[in-house]
Amino acid sequence: MSYKKTVLIVEDEALNREILSVILSDTYETIEAENGMDALEILRAHKNDISLILLDLFMPVMDGYSFLDVLMRDKELSLIPVIVTTQESANRVEVDALKHGATEFVPKPYNRDVILNRVARLIKFRETAAFINQMNTDRLTGLMSKDYFYVKADEMITQNPDKEYVIVCTDIEDFNLYNDIFGYEEGDRLLVKLSKQIRENLEGRGICGRFQADKFVCLVESDYERSSREKFVELLSKDQIFTFKNVRIKWGIYEVDDSDISVEKMCDRAQLAVQSIKGIYGKYYHVYDDALREALVKEKRITDAMMGALLDEQFVVYLQPKYNLTDNSMNGAEALVRWKHPEWGMIPPGEFIPVFEKNALYSISTVMYGRRHARLSRVGLGMVSL
Amino acid sequence: MRVEECYKDMGGNYQEALGRLISPALVEKFIIKFLDDGSYEALCRQMNAGVREDAFKAAHTLKGVCANLSITKLCGSVSELTEELRSGDAEVSDRARELFESVRKDYNMTVSTIRSYASV
């Protein structure tokens, strides 16, 4: 069984109302109102159930124009499409109704096919628009969705070549832990609060989207004497949102200097900037720059090469002997590892150990060097501890 | 009730009404409802009161009902009256009163035709 959508018929003449009901009844549920006032009352009670309004213009108590005026002032009700029924052939009436917010017309006397087609088309159009709107909006915070943000940010940047922009993205430290301790509802409340704060601080100078969980991304116009990023971050910190319920929020910033780079990439770079200060105490924002890029590229190169290097045994162990001062005997050695890469040459441990640690390769390498230690014992160094 | 003949006798367009309401039974139901419709009485009251704008609104409403039921003959005379009342002095003109007489005549003919068919 298919669900019927509801059309509100607003018409003072009972016979006309009934005829409209008959025309629509095969396809729709109908509710009837005798005048604008009654219609508003019905709408307030059933606003989510009504898909379309068919409106007569000339009615006692509250006519069609006054009804449209009230309707259009209401954020939610104004989204319901209105078809005006008119027996006036004069364009003026139609233009007036349009000015008051009507969406469409149907002539009187009623033409069954015209009415059914226009009603169906408008309901479909409205639903598509509502669906698109839903797709474009993050349900929790009302901010833009990721894809919509990309489209809008790209539009802003390309349409305003004279303006300078920055992309700012957030990272809430240990947000998962926050959810875990305080519950998801409280986590959502934090996100809503943060989204409001961001929106206020944008002051209409930019747009903001929520990409996922605690990842907010903004495109902000930078037209301040000082760079807007500092101003933006300062505004947020002033409101102590950085330390709201002991939650630390960090910001990654990418300054748009090349509009040929895709917005996705710009957002990625802002993300990289914020990731680079994750876990670093007292540092709340970081600006993406070439140094960061180079460091990341280097890290990537190491990550790509490390497994092969371990298997190839490109790592050289130097043993620094440890002597017992009382009897001058060697009672151990400190193992120092160097990476002897066939192309890059000797790489000090400071560069690759942290990367290894990040990638859980540290434990693997420890095991492998343990084996080598065993081999060293066999070649005659005796049992020295490393 | 032979509703198609009724339409012919009162100068209406049965096919048009049927196109709107689809079933002959519904056309019949609505044409009988027209007997109880108050828009003609409302027009009579406003013509007596003599305020042109109010009379215009009443004529406009009756015209709409006749058009939707495809009572073509009556719709024609009401339409002429409506246009006469659309603009002018604050009071109903003599010309409008003349036109109203045609409306009265057509209305009486229409309702007596419907009644004669309805009672069969």
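Which residues does L319(A) touch, not counting residues up to four places away in sequence? They are A333(A) and A335(A). The structure is a predicted model. The secondary structure of chain A comes to 13 helices and 13 strands, and 28% of its 386 residues count as buried.

**Chain A overall**
- Among the contacts in chain A with a separation of 6 or more, 58% are accounted for by residues 24 or more positions apart.

**L319(A)**
- L319(A) has its place in strand β11 of chain A, which covers residues 315–324.
- L319(A) counts as partly exposed because it has 15 C-beta neighbours inside 10 Å, while a buried residue needs 20 or more and an exposed one has 12 or fewer.
- Between the C-alpha atoms of L319(A) and G332(A) there are 9.2 Å, and the two residues are 13 residues apart along the chain.

**T103(A)**
- T103(A) is found in a loop of chain A, between α4 (91–99) and β5 (104–107).
- With 17 other C-beta atoms within 10 Å, T103(A) is partly exposed.
- Not counting residues up to four places away in sequence, T103(A) touches P81(A), V82(A), I83(A) and L122(A).
- The C-alpha atoms of T103(A) and I80(A) are separated by 9.3 Å, with the two residues 23 residues apart along the chain.

**Contact between chains A and B**
- On the chain A side, 12 residues are in contact with 18 residues of chain B.
- Helix α1 of chain A (residues 14–25) gives the most to the side of chain A that touches chain B, with 5 residues.
- By residue type, that side of chain A divides into 7 nonpolar, 2 polar and 3 charged residues.

**Nonpolar cores**
- The largest nonpolar core has 66 residues, and V10(A), L54(A), L55(A), A59(B) and C66(B) touch the most other members.
- Helix α5 of chain B (residues 52–68) gives the most to this core, with 8 residues.
- Leaving aside neighbours within four places in sequence, C66(B) is in contact with I71(B), L74(B), C75(B) and V78(B).
- Another core, of 34 residues, lies apart from the largest one, and its members include A153(A), C169(A), L219(A) and V256(A).

Definitions and conventions:
Residues numbered from 1 in each chain as written. Chains lettered and ligands numbered in written order. Predicted model: local features only at pLDDT ≥ 70, side-chain atom pairs only at ≥ 80, totals over all residues. Contact = placed C-beta atoms within 7 Å. Helix = DSSP H or I, 4+ residues; strand = E, 2+ residues; numbered from the N terminus. Nonpolar A, V, L, I, M, F, W, Y, C, P; charged D, E, K, R; others polar. Core = buried A, V, L, I, M, F, W, Y, C linked by C-beta atoms within 7 Å.
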